Amino acid sequence: MENKTSMYLKELGLSEYEAHAYACLLQRGISTAQEVSDGADVPQPRVYDALDELAQKGFVNVQPGRPKKFGPVDPDAAIEHFCEFKQRQYDEELSRVERLGEQLTDTLEDRTRPAERSEICWTYSDRHRILEKLCELTTTATSEIRMITTPISFERILNHHVEDLAQKAEEGVSIQAVISDDGTVSGSIYDRAEEIMDIRRVETIEGRIYLYDNGHVLVAFAASDTDGYVGISTTSDTLYKTQSQLFDLLWKNGRKASYRPAGAAQTGDDVA
């Protein structure tokens, strides 16, 4: 019985000597430290420490005298007291961690900016996955969307998620597009696009660059050594600033223009 009781007490978090001492008191009743040491096989130099810990944790009542005597608290009450003891421990530890956290924050007030996060993914030979990534970036945008693209890619983007772009425009997201003159955008799509974004045209564009929220860049281009396309998506403040400078230059030199009439020069297959 004592061994099984001790086992459960140790599972609760008591030390081996504490568990044996309390189990002994449950069997013997009020006892001296010497009697607990003899009955629980706890070394005499350790028995007082074990009994003091049990008293602090709510398992033992101490009766002053010469010698002091120790009585077991009823197990139900002891468990309740022990739970309160553990809660106090937890609260004290939590307060300690909070204090240390505040001290850490104070010492780092002049800290340098942590290294920027960079998340890069490549999409090979799969135009649809690139379009899905563009859609994801559009739906999560909160401040701005900037596009440098070709007419076919622009039309494909509008066909796939014009409603998402329209929703972002309604939410106040700034949307700008620089489109090359080497192809045609259908009139209905161009008219719809002009309702939700500012558009400028430039003579030529090599590759396609999409910028989102001052940090995310997606570059898409035809792969010269494969039959497909590559999309590279990265979160980088530095790269975003560099590509935004390119966008600003193209935007400044671009011109407002309506869609080109059907039959204008147009390249072959294209990618978002």
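**Helix packing and buried positions in the predicted model**

Thr 235 is placed in strand β10, which covers residues 229–235; here helices (H or I, at least four residues) and strands (E, at least two) are DSSP runs, numbered from the N terminus. The structure is a predicted model, in which local features need pLDDT of at least 70 and side-chain atom pairs count only at pLDDT 80 or more, while totals for chains, interfaces and linings use all residues. Residues are numbered from 1 along each chain as its sequence is written, and side-chain values use heavy atoms, with hydrogens and water left out.

With a relative accessibility of 15%, Thr 235 counts as buried, a term that means under 20% relative accessible area, against over 50% for exposed and partly exposed in between (1.4 Å probe, protein chains only). The C-alpha atom of Thr 235 lies 4.4 Å from that of His 216, although 19 residues separate the two along the chain. Strand β10 also holds Gly 231, which is buried at a relative accessible area of 4%. Between the C-alpha atoms of Gly 231 and Ala 220, which are 11 residues apart along the chain, the separation is 4.3 Å.

Over the whole chain, the secondary structure comes to 9 helices and 10 strands, and buried residues make up 41% of the 272 residues. Of the contacts in the chain with a separation of 6 or more, 68% are accounted for by residues 24 or more positions apart, where contact means heavy atoms within 4.5 Å.

Helix α2 (residues 16–28) comprises 13 residues and reaches 18 Å from its first C-alpha to its last, close to the 18 Å expected at 1.5 Å a residue; the expected span is 1.5 Å times one less than the number of residues. Buried residues in α2 include Glu 18, His 20, Tyr 22 and Cys 24, and just after the helix Gly 29 takes a positive phi of about 80°. The axes of α2 and α4 come within 9 Å and cross at roughly 75°, axes being lines fitted to C-alpha atoms, for helices over the stretch in contact, with angles running from 0 to 180 degrees between N-to-C directions. The two helices are therefore roughly perpendicular to each other, since angles of 65 to 115 degrees fall in that class, whereas those under 35 count as roughly parallel, those over 145 as roughly antiparallel and the rest as oblique. Tyr 17, Glu 18, Ala 21, Tyr 22 and Leu 25 of α2 make this contact with Arg 46, Ala 50, Leu 51, Glu 53, Leu 54 and Lys 57 of α4.

Helix α4 (residues 44–57) also packs with helix α3 (residues 33–40), at an angle of about 110° and with the axes 9 Å apart, which makes α3 roughly perpendicular to α4. In this pairing, Ala 33, Gln 34, Val 36 and Ser 37 of α3 meet Gln 44, Val 47, Tyr 48 and Leu 51 of α4.

For helix α6 (residues 127–140), the 14 residues should span 20 Å at 1.5 Å a residue, in agreement with the 20 Å between the end C-alpha atoms. The buried residues of α6 are Arg 127, Ile 130, Leu 131, Lys 133, Leu 134, Leu 137 and Thr 138. Seen down the axis of α6, these buried residues fall within an arc of 160°, so they line one face of the helix; the arc is that of the directions from the helix axis to the C-beta atoms. On the other side of α6, His 128 and Glu 132 are exposed.
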